[in-house]
Amino acid sequence: MEIAVIGTGYVGLVSGACFADSGNRVTCVDIDAAKVEALCRGEVPIYEPGLEEMVKHNLSVHRLMFTTDLASAVEPAEVVYLAVGTPQGDDGSADLSALWKVVEQIAPHLQKDAVLVTKSTVPVGTNARIYGMLKELTGRDCEVASNPEFLKEGAAIDDFVKPDRVVVGVRSDRAADVLRQLYEPFLRTEHPFLVMTPESAEMTKYVANALLATKISFINEMANLCERMGGDINDVRRGIGHDSRIGFAFLFPGVGYGGSCFPKDVRALSAMATDLGVEPRILLAVDEVNTCQKQVMIEKLDKHFGGKLSGKTIAIWGLAFKPRTDDIREAPALVLIDHLLEEGAKVQVHDPEAMDNVRKIYGNKITLCDLEMEALAGADALCIMTEWNDYKRPDWDEMASLLRAPVIFDGRNLYEPERMQSRGFTYYSVGRPGV
Ligand code: UDX
């Protein structure tokens, strides 16, 4: 099939590469000329395992192309994917300005039978509005479909080629058939292709992310209660997870969820509800609990140091919002760094992938260390903010000798509290007994 993908962000790039890899001819379009040039050379601007190899291979066999020329990509395309950003606007709702601009620009170039598919996360009703706009601009009934993306950063290719399910929202059987053909290589009995209306598909994406975010805020609140009541959230998690109605997934407490999806989507769904005069009580609470959870490490640090962080040196391991990505959008580590700098502390950080992104924000206000152990030199405490494998089995003696004081604030529960005590560390974690 001949496909155009508009927008080479996370979703557009991964989708484009995977569709090319399964035998289609894919042209990806972006307005950023420098990015397009780099992509043409096979240079991928994000860290995503396996993506650069896949892009390079499909470039070399001419199944994947990159261009800034929208018209030449759209004209031959049987399927046009919209994967432009829909960031959070000032009022919490999704900002669709990039999307509307693209719809307007592609209208004169769309083939009569082309299916225009929205992959960007968009408010419920957007596909109907795109259909209306295209009717006005072209005078035709264009095929418009919603095909939300559920991939996780760090596992994006695997999630794309082995999706738990594919959701498409369509108005016609023809659009459903075209998309089913496109996804055929990735479907299995246990990975179904679900056809519904565009509104249901748009809603599915928000509901999935909102429920996952709810699980995290819920377990974080329970972890905070455990700390006060004396329970151990790890035991509680095991205790509830064996109930098949509950399960284990997405119930790890931590320093709050970040990333490009959960915070934005929870707020966008809230904004949609509020617009309709409905108070989204659970969604508001999920967001609020998460904002507070990003402060939990700060509160523990403040308490430990009696509110006197000025002049202290604090080491941070992990800056990305989760492991296996260089993405720092809404990362809890940034909230901590801001607080430490405000209080006059010296900050020494390490992350296996996210350092370049952090450098762009803080420049030389913090010390970026190439090796995790370097970050500990002379530090009054270590804070762990992302559960990279690199941090799971450190050399305890080396740590103790480098740190000025053997104090660890572990926001991801990487170590056993009892063992840490016997190793001589003052160890704070989330929702478990100890200090
Ligand atoms: C998420 C959804 O999983 C994906 O389906 C959607 O398309 C986009 O948003 P992603 O943002 O890549 O994907 O990250 P994910 O792995 O889901 O983690 C999100 C955040 O939740 C991270 O900050 C992570 O640390 C946190 N988290 C996750 C927890 O704190 N506890 C958990 O148990 C699970």
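What pLDDT does the protein average, and what share of the residues score at least 70? The protein averages a pLDDT of 96, and 100% of the residues score at least 70; pLDDT is the predictor's confidence in each residue, from 0 to 100. This is a predicted model, where local features need pLDDT of at least 70, side-chain atom pairs count only at pLDDT 80 or more, and totals for chains, interfaces and linings use all residues. Residues are numbered from 1 along each chain as its sequence is written. The model scores are ipTM 0.91 and pTM 0.94.

**Overall build**
- The protein has 17 helices and 14 strands, where helices (H or I, at least four residues) and strands (E, at least two) are DSSP runs numbered from the N terminus.
- Its radius of gyration, taken over C-alpha atoms, is 24 Å, close to the 22 Å from the globule rule (2.2 Å times the number of residues to the power 0.38) for 435 residues, so the protein is as compact as a globular protein of that length.
- Along the principal axes, the C-alpha atoms fill a box of roughly 70 × 45 × 40 Å.
- Of the 435 residues, 44% count as buried, meaning that 20 or more other C-beta atoms lie within 10 Å of a residue's own; 12 or fewer makes it exposed, anything in between partly exposed, and C-beta atoms are placed from the backbone.

**Domains**
- An automatic or database domain assignment divides the protein into domain 1 (2-196), domain 2 (206-292) and domain 3 (294-428).
- Eleven residues of domain 1 are in contact with nine residues of domain 2, a contact being two C-beta atoms, placed from the backbone, within 7 Å.

**Around the ligand**
- The shell around the ligand holds 19 residues, and Glu-153, Phe-252, Tyr-257, Gly-259 and Cys-261 come nearest; a residue is near if its C-beta atom, placed from the backbone, lies within 6 Å.
- Domain 1 and domain 2 both give residues to this shell, so the ligand lies between them.
- Helix α9 (residues 198-229) supplies the largest share, three residues.
- By class, the shell has eleven nonpolar, four polar and four charged residues; Ala, Val, Leu, Ile, Met, Phe, Trp, Tyr, Cys and Pro count as nonpolar, Asp, Glu, Lys and Arg as charged, and the others, Gly among them, as polar.

**Two residues with positive phi**
- Phe-250, in the loop between α10 (233-241) and α11 (262-275), has a positive phi of about 60 degrees although it is not a glycine.
- Arg-324, in the loop between β9 (313-317) and α14 (332-342), has a phi near 65 degrees.
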